[in-house]
Amino acid sequence: MLKEINIAIDNNINIENDKILNIFTPLFSDEFNFDLTNQSANIQLGSLDYNNFQNIVNKVLENGSLNNDSKYIVQQIYEAISNIKSYGLKSGKRVYVDYNKERKVINRKEKEEKRQQFYYTKDNNFSKINNEIPLDFENKILCGDSFEILKKLPDNCIDIIVTSPPYNFGLDYASTQDDNHWEKYFDKLFNIFQECIRVLKFGGRVIINVQPLFSDYIPTHHIISNFFIQNKMIWKGEILWEKNNYNCKYTAWGSWKSPSNPYLKYTWEFLEVFCKGDLKKVGDADNIDISVEDFKKWVVGKWSIAPERNMKHYDHPAMFPEELVLRALQLFSFKNDIVLDPFNGAGTTTTVAKKINRRYLGIDISEKYCNIAKERIANSLF
Ligand SMILES: C[S@@+](CC[C@H](N)C(=O)[O-])C[C@H]1O[C@@H](n2cnc3c(N)ncnc32)[C@H](O)[C@@H]1O
């Protein structure tokens with residue numbers, strides 16, 4: 001069975017059947033049956049290289065090979081096919097039939113109801129009333145402990161948080177220790193995350209970039225995700241950030257090529273994504289700035305992005321790249337939204353937020369990093 005479209009044709013118009021058939025038939029071969037009579041155009045679609053189809057239609061409409069009545073029919077066919085919004089994608093083609101066959105679940109809605117999607121958030125007490133961020137905090141880089149600064153913000157005033165916390169790897173940050181006992185580390189981190197949840201708007205998102213310290217056997221990404229789940233946040237998903245950096249170490253000493261204690265190596269980090277109260281975020285359609293192509297690529301939860309190359313230049317040991325923040329913000333927020341990074345470091349989040357017309361608040365405990373973040377914003381080309 002192919003997908004069928006019928007377009008009625010007015011008897012009084014003069015269409016060039018053969019010419020139209022010659023344009024479309026070779027294009028779509030057996031996946032596309034095209035039958036043109038004086039009364040209707042009947043199209044049966046299996047799959048279609050839509051970009052090629054679009055190019056051909058544009059050429060035909062622009063050049064003088066068809067009369068106006070024929071062009072009108074070509075335009076109608078183009079619109080009818082473009083208006084089909086449900087299709088699968090296979091080998092660069094749009095697939096119009098059987099594309100979701102293997103995913104068909106009978107009575108899906110009722111079954112979801114019974115299983116209770118994100119049941120762990122059901123008795124949350126999140127207020128649905130969102131507030132404006134006070135002007136003293138809008139478009140600011142503030143120096144201090146995030147826990148202390150966030151306490152000054154009202155509830156529900158931030159649209160999206162994109163951050164990468166200190167990892168407790170023993171890095172040489174300018175103003176903080178990075179080698180605490182894990183329990184102390186998580187206590188401190190979770191106090192700040194608790195404040196992050198409070199200041200987030202209903203429908204707002206938190207995106208945490210985490211790289212577990214595998215050599216300590218602490219699954220930080222799971223522990224952090226568990227914290228948000230216990231605090232009634234919806235786990236929206238996980239993005240695997242593939243850094244392709246293969247020069248990390250191979251084994252623990254003495255365990256080369258032995259099952260004794262092989263050391264697993266990772267070339268990726270995680271982005272854990274959570275929502276407060278609702279999976280849907282309210283926003284004006286005019287403030288969407290992601291392109292169709294980027295949307296299609298970025299909803300696939302594996303992003304290949306090279307690590308930041310300018311860490312020496314900005315004198316910060318653990319930056320994420322601008323591209324990572326750009327994708328997170330364009331996929332999960334609207335223009336003019338308020339973006340918070342409570343561990344803003346050299347200001348990657350705030351620089352990107354400013355570049356793509358979001359409002360921002362960046363907090364870091366180091367005066368040095370805050371100054372770098374301010375300079376980056378001042379020097380960026382917008
Ligand atoms: C992994 S880095 C973030 C780097 C940032 N994503 C960038 O691209 O530049 C973590 C940052 O958290 C900061 N930090 C640590 N403890 C903090 C706290 N209690 N409050 C605010 N910032 C803190 C550190 O100074 C460090 O710059």
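Modeller: Let us begin with the domains. Domain bounds come from an automatic or database domain assignment. The model before us is predicted, and the assignment for its chain gives domain 1 (3–103) and domain 2 (119–379).

Biologist: How many Å separate the centres of domain 1 and domain 2?

Modeller: The centres of domain 1 and domain 2, taken over C-alpha atoms, are separated by 46 Å.

Biologist: What is to be said of helix α4 (residues 108–115): how many of its eight residues are buried?

Modeller: A residue is buried if 20 or more other C-beta atoms lie within 10 Å of its own. In α4 the count of buried residues is zero, and the helix is hardly covered. Just after α4, Gln116 takes a positive phi of about 65°. Phe118 also has a positive phi, of about 25°, although it is not a glycine. Phe118 is placed in the loop between α4 and β7 (140–143). With 14 other C-beta atoms within 10 Å, Phe118 is partly exposed.

Biologist: Where is Tyr217 found, and is Tyr217 buried or exposed?

Modeller: Tyr217 is found in the loop between β9 and α7 (220–230). It is exposed, because 7 other C-beta atoms lie within 10 Å, and the limit for this class is 12 or fewer. The phi of Tyr217 is near 55°, a positive value in a residue other than glycine.

Biologist: What can be said of the side chains in a strand?

Modeller: In a regular strand the side chains alternate between the two faces of the sheet. As a further case of pairing, consider strand β8 (residues 158–163), which is mostly covered, with six of its six residues buried.

Biologist: In which sense does β8 pair with β9, and in which sense with strand β13?

Modeller: β8 pairs with β9 in the parallel sense over five bridges. The pairing of β8 with strand β13 (residues 338–341) is also parallel, over two bridges. Thr163 has Ile208 in β9 as its bridge partner, while Ile160 stands opposite Val339 in β13.

Biologist: How many residues of strand β11 (residues 268–275) are buried?

Modeller: Seven of the eight residues of β11 are buried, so the strand is largely enclosed by the rest of the structure. Strand β9 (residues 200–210) runs antiparallel to β11, and six bridges join them. Within β11, Val273 is the residue opposite Ile207. Strand β10 (residues 234–242) and β11 pair in the antiparallel sense over eight bridges, with Trp241 opposite Glu269 in β11.

Biologist: Which residues have the most contacts inside the largest nonpolar core?

Modeller: That core has 51 residues, and those with the most contacts inside it are Ile161, Val206, Ile207 and Leu329. Leaving aside residues up to four places away in sequence, Ile161 touches Cys196, Leu200, Val206, Ile207, Leu340 and Pro342. Apart from this core lies another, of 14 residues, among them Ile15, Ala41, Leu45 and Val57.

Biologist: Where does Gly301 lie, and which residues does Gly301 touch?

Modeller: Gly301 lies in the loop between α8 (292–298) and β12 (302–304). Residues up to four places away in sequence not being counted, Gly301 touches Gly237, Glu238, Ile239 and Leu240. Gly301 and Glu238 are 63 residues apart along the chain, yet their C-alpha atoms are separated by 6.8 Å. Gly301 counts as exposed because it has 12 C-beta neighbours inside 10 Å.

Biologist: Finally, which residues come nearest to the ligand?

Modeller: Of the 20 residues around the ligand, Met319, Phe343, Gly345, Ala346 and Thr348 come nearest. The residues of this shell divide into 10 nonpolar, eight polar and two charged.

Note on methods
Residues numbered from 1 in each chain as written. Predicted model: local features only at pLDDT ≥ 70, side-chain atom pairs only at ≥ 80, totals over all residues. Near = placed C-beta within 6 Å. Nonpolar A, V, L, I, M, F, W, Y, C, P; charged D, E, K, R; others polar. Helix = DSSP H or I, 4+ residues; strand = E, 2+ residues; numbered from the N terminus. Contact = placed C-beta atoms within 7 Å. Core = buried A, V, L, I, M, F, W, Y, C linked by C-beta atoms within 7 Å. Pairing = 2+ DSSP bridges.
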